[in-house]
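Hi everyone, thanks for making time.

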Amino acid sequence: MPSVRRVSHAFLERQGLTTVFGNPGSNELPFLAGLPEGFRYVLGLHEGAVVGMADGYAQATGRPVLVNLHAASGSGNAMGALTNAVASRTPLVVVAGQQVRPAIGLEANLASVDAPALMKPLVGWAAEPTCAADVPRALAQAVFEARLQRRPTYLSVPYDDWSADADDNARAVLDRRVLRAAVPGGEQGRWLAEEVASAARPALVLGGDIDSAGRFDDAVRLAERLGCPVWAAPSLFRLPFPNRHPLFRGVLPAGIAPVAEAFEGHDLVLVLGAPVFRYHEHLPGRYLPAGTRLIQVTEDASAAARAPVGEALVADPGAVIDVLLASPGTGGGAPAGAPLPVPEPLTAEGPGLHPEEVFAALREELPEDTAYVVESTSTNAAWWRQMDLRRPGSYYFPAAGGLGFGLPGAVGVAMAQPGRPVAGVIGDGSANYGITALWTAAQHRVPLTVVLLRNGTYGALRWFGGLLGVPDTPGTDIPGLDFTRIAEGYGVRAQHVGGVAELRAALAERPAGPRLIQVDTALTTPS
Ligand code: TZD
Ligand code: CA
């Protein structure tokens, strides 16, 4: 009779989860023993980096990815990174090792006392199988739940389970398939098309889910057909629309009152693939202006249920785009004009470059199809003023605002898309939360450019301190960090560039593996 381990490996292979991001301990070794040939174990040196890399990899491939963590301690280290994966709706399947069954109740060292409860508020589903024979089925559920809910799931497995026998019933999971249809019914489709067709001044709000679902180009078609303005939803983690398209109005501000202000004059706001809304700064006010209706289309049933305003349809927003494109009443838009021009980059006084000068250099020196993973918080306005992103999958940002996604995420995106240029744009504060991903990049020779913006401070916090009326808090400056030496310690070649010309010359090089370019920048404000 095959072992639970053999059946589980075979299941993962059939489902295409053969790249495993992990950091193991003793509890996990019995699962990893005898991994079949086609598997690749990508070792990360800290669980935050492990999850960040897996998140980037899963987002860029669009498929569930297996994450292997050590008991409660490793799972705890991963928790902050999981907040981002929840918000970006990334299907991560976390399998953690547990002590042997007889030792859990005793709270032996490395026993995770109530493993599912530890993770439950974050993940979409968490369990520890009630007996060894149930492990393959539970693993299958972890994969299917992650795929269906688009949310991380968590399975804790006592390590003595892996060598147990798997009977015929346990093997039945090998042939399982779980499919989903998320196309709106005919009546719902007609209702939506009529609402959109009869709106005098509709507006579109697109969430990151549109890019995750591969509907970036379809969203452009829809907007041009409707001829209506397009915003990206607040707290954007992926770009759903070309940012210099003449219909694009930018990313909505993440506050209640300013969102309502932006919608002034529109009778219908159609939100596709986003919560309503992921606000940040608490700026109270009415949710919508008088006379504005809102219809939200999302696959995330919880996001539909918790929205404070509007009507919602739980369906695949991509399928809804198809319905609207096929509906005769929704035409009327004029062909879009040329992309909006990029302004001259601002310059800074003093020694550091203005972030706009850095981003102008990226735009002009890196290939047009570069995928950017950004975690630099005070430079947001400068970023959108300078960049010209026209392709799907061009932009990733920590979805819940938890730092530590950027650098690992960039490594994961680059591993997922070996043919596409990838750049991480990382602040000197952010870099530290996921810095160990540099080692994995070096070991796997991941082709990746990390542009490290060093302004010596937590710039965004300084700005927030001003907004909150507490400008003089401790703990916001980070002098004395040299990322060229840190990177070299992890095996990544690195250089410090002094000025724009040196930066541009460095960016024009195309090394085969990872490299880090550190540039000193001036402090600017995020908006
Ligand atoms: N810890 C974690 C895990 N996530 C966070 N978001 C923070 C702390 C708080 N935080 C921000 O929200 S922005 C920021 C911190 C510490 C500063 C980031 O500094 P940076 O970028 O150097 O990366 P800027 O451009 O200097 O702001
Ligand atoms: Ca900084």
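Before the first sheet, a quick word on terms: helices (H or I, at least four residues) and strands (E, at least two) are DSSP runs, numbered from the N terminus. Two strands pair if DSSP finds at least two bridges between them. What you're looking at is a predicted model, where local features need pLDDT of at least 70 and side-chain atom pairs count only at pLDDT 80 or more, while totals for chains, interfaces and linings use all residues. Residues are numbered from 1 along each chain as its sequence is written, chains are lettered from A and ligands numbered from 1 in the order in which they are written, and side-chain values use heavy atoms, leaving out hydrogens and water.

Okay, the domains. The assignment, which is automatic or from a database, gives domain 1 (4-175), domain 2 (186-330) and domain 3 (355-520).

Let's start with a sheet. It is an open one of six strands, in the order β2-β1-β3-β4-β6-β5, with parallel pairing. Which strands stand at the edges? Those are β2 and β5 (125-127), and each has a single partner strand, so one side of each is left without a neighbour in the sheet. From one strand to the next, the twist averages 20°; axes here are lines fitted to C-alpha atoms, for helices over the stretch in contact, and angles run from 0 to 180 degrees between N-to-C directions.

Zoom in on β3 (residues 65-69) and β4 (residues 92-98): they run parallel, with five bridges joining them. V67 has V94 in β4 as its bridge partner. Then there's α3, which lies across β1 (19-22), β2, β3 and β4, at about 175° to β3. Contact, by the way, means heavy atoms within 4.5 Å.

On the domain 1 side, L45, M53 and N84 supply 32% of the area buried against domain 3, more than any other three residues.

Salt bridges do turn up elsewhere: the count comes to 21. One of them joins the side chains of R14 and D175, at 2.9 Å, N to O. R14 lies in helix α1 (residues 4-14) and D175 in the loop between α8 (168-171) and α9, so the pair ties together parts that are 161 residues apart in sequence.

Last stop, another open sheet of six strands, also with parallel pairing, ordered β9-β8-β7-β10-β11-β12. Here β9 (248-251) and β12 (311-314) are the edge strands. Inside the sheet, three bridges join β7 (residues 202-206) to β8 (residues 230-232), and V205 stands opposite W231 in β8. Helix α9 (residues 186-198) lies across β10 (268-272), β11 (293-298) and β12, at about 140° to β11. Helix α14 (residues 317-326) lies across β10, β11 and β12 too, at about 130° to β10.

Notes. Buried area = accessible area lost by both parts, 1.4 Å probe. Salt bridge = Lys/Arg side-chain N within 4 Å of Asp/Glu carboxyl O.
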